Amino acid sequence: MTRLPTVTPSAFRRLAVVATALLAVIVVSGAAVRLTSSGLGCPTWPRCTDTSLVAPPSYHALVEFINRVVSSAVGLVVAAVAVAALLRRPRRRDLSLLAWSLVAGFFAQAVLGGLSVVYGLAPGWVMAHFLLSMVLLFAALVLVHRADADWPRVTAPVRGELRTLATLLVVTASVVLVLGTITTGTGPHAGDSTKEVPRFGFPLDRVTQLHADSALLLTGLVIATLFAVRLTDTTSVVRRRAMWLAAAVGVQVVIGYVQYFLNLPPSVVGMHVAGATALWCAAVWLALATYSGSGAAGTEVVDGDVVHLDDRPLAGQH
Ligand code: HEM
């Protein structure tokens, strides 16, 4: 009987890192579709037009079609991670679950993207499409974190208060993201050149104000975190990640105000979407560092990898 190939823990983690990076890139490429008003460049889904799977030679159709091709490529890498999780030796149930949740999330994204087109880019669908991407990135980062063979063994001397603060940062960042998507759903960049796309009927200056206020609250929490990691006993990993988050927040707030005062030029709005994605990853990555060590119970090291006691291979299986 032919044996299936096996995947080493380090190869698996590298593949998970690539998938995570691609899941971040796809957020920005999706935003490019919206900001070039190409959202209905392919008016049907999964076909581009009623008669053709590929785009006709027009600018908006090609932008939307290229985004669909990029998305499919990302889907293949995500599927490869899921298969690799099954071939990884030793096999880990937590990693398999996370990897397959990415596949499920990716399919859900394809459906949401399709519904966004079917419902003529109604802002609720576009908003859900963006936010689900953030959920997928969250799961991907947890996967990369746990795929590191060292994670449960790092006995990070992180105080409970710091862990709470890092968790609060992620919660606050989620609120900022939701309010940001509501601002976008109210604003002028609907994603289609016909200008007939429905918008949320809120006053734009009020929702922008609320979104900016939440961003400033987040900034305050990040400053508090910088003090906390400096004044309490913690690891250099936590300190470094806190610095990255602070840099991401600083840049993002500047971009936010610049785009607002320049009346939302698409190029700067695109940078704001990229900044939001980077900031979200930085916040989750910092929080994960404060959770290192909490998984030590119930694990043991097999073949240089951490195995949950429930997942120990049966005799002769690996
Ligand atoms: C922590 C900092 C911030 C984060 C994480 C953040 C995040 C976001 C996100 C996720 C969106 C929606 C993107 C989309 O749906 O494609 C957005 C939109 C927006 N943000 Fe922010 N933001 C931040 C700070 C700010 C600040 C300080 C302002 C200042 C006024 C601002 C102004 C806006 C505006 C005007 C939009 C709508 C742009 C459009 O029409 O598409 N943001 N933001």
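Predicted model: local features only at pLDDT ≥ 70, side-chain atom pairs only at ≥ 80, totals over all residues.
1. Let's start with what surrounds the ligand. By class, the shell holds 16 nonpolar, 12 polar and no charged residues. Here Ala, Val, Leu, Ile, Met, Phe, Trp, Tyr, Cys and Pro count as nonpolar, Asp, Glu, Lys and Arg as charged, and the others, Gly among them, as polar. Of the 28 residues around the ligand, Gly180, Thr184, Gly187, Ala215 and Gly256 come nearest.

2. Residues are numbered from 1 along each chain as its sequence is written.

3. Which helices build the shell around the ligand? At least two residues each come from α5 (160-186), α6 (204-231), α7 (236-261) and α8 (266-291). The top contributor is α7, which gives 7 residues to the shell. Helices (H or I, at least four residues) and strands (E, at least two) are DSSP runs, numbered from the N terminus.

4. Now step back to the whole chain. The protein has 8 helices and 2 strands, and from the N terminus on the elements run α-α-α-α-α-α-α-α-β-β. Of its 318 residues, 37% are buried. A residue is buried if 20 or more other C-beta atoms lie within 10 Å of its own, exposed if 12 or fewer, and partly exposed in between, with C-beta atoms placed from the backbone. Among contacts with a separation of 6 or more, 75% join residues 24 or more positions apart. Two residues are in contact if their C-beta atoms, placed from the backbone, lie within 7 Å.

5. The largest nonpolar core has 60 residues, and Trp280 and Ala283 have the most contacts inside it. The elements giving two or more residues to this core are α1 (9-35), α2 (59-87), α3 (93-118), α4 (123-147), α5, α6, α7 and α8. The biggest share, 13 residues, comes from α8. This core also draws at least three residues from each of domain 1 (1-152 + 294-312) and domain 2 (156-292); those bounds come from an automatic or database domain assignment. A nonpolar core means a set of buried Ala, Val, Leu, Ile, Met, Phe, Trp, Tyr and Cys residues joined through C-beta atoms within 7 Å.

6. What does Trp280 touch? Not counting residues up to four places away in sequence, Trp280 touches Met134, Leu137, Ala173 and Leu177. There is also a second, separate core of 8 residues, which includes Leu40, Val126, Phe130 and Val197.

7. Take a look at α3 as well. This helix has 26 residues and reaches 37 Å from its first C-alpha to its last, close to the 38 Å expected at 1.5 Å a residue. The expected span is 1.5 Å times one less than the number of residues. Buried residues in α3 include Leu95, Leu98, Ala99, Leu102 and Phe106. An α-helix has 3.6 residues a turn, so residues three or four places apart point the same way. The buried residues of α3 pack against α1, α2 and α4. After α3 comes Gly120, with a positive phi near 60 degrees.

8. Leu121, in the loop between α3 and α4, has a positive phi of about 60 degrees although it is not a glycine. Is Leu121 buried or exposed? Leu121 is buried, because 23 other C-beta atoms lie within 10 Å. Ser37 sits in the loop between α1 and α2, and its phi is also positive, near 55 degrees. Ser37 counts as buried because it has 21 C-beta neighbours inside 10 Å. In the loop between α2 and α3 you'll find Pro90, and the peptide bond from Arg89 to Pro90 is cis, with omega near 0 degrees.

9. Last, two partly exposed helix residues. Arg239 is in α7 and counts as partly exposed because 14 other C-beta atoms lie within 10 Å. Arg239 touches Val229 and Thr234, not counting residues up to four places away in sequence. Arg239 and Ala289 are 50 residues apart in sequence, yet 9.6 Å apart in space, C-alpha to C-alpha. Over in α6 is Leu210, which is partly exposed because it has 15 other C-beta atoms within 10 Å. Leu210 and Leu179 are 31 residues apart along the chain, and their C-alpha atoms are separated by 7.4 Å.

Terms used. Near = placed C-beta within 6 Å.
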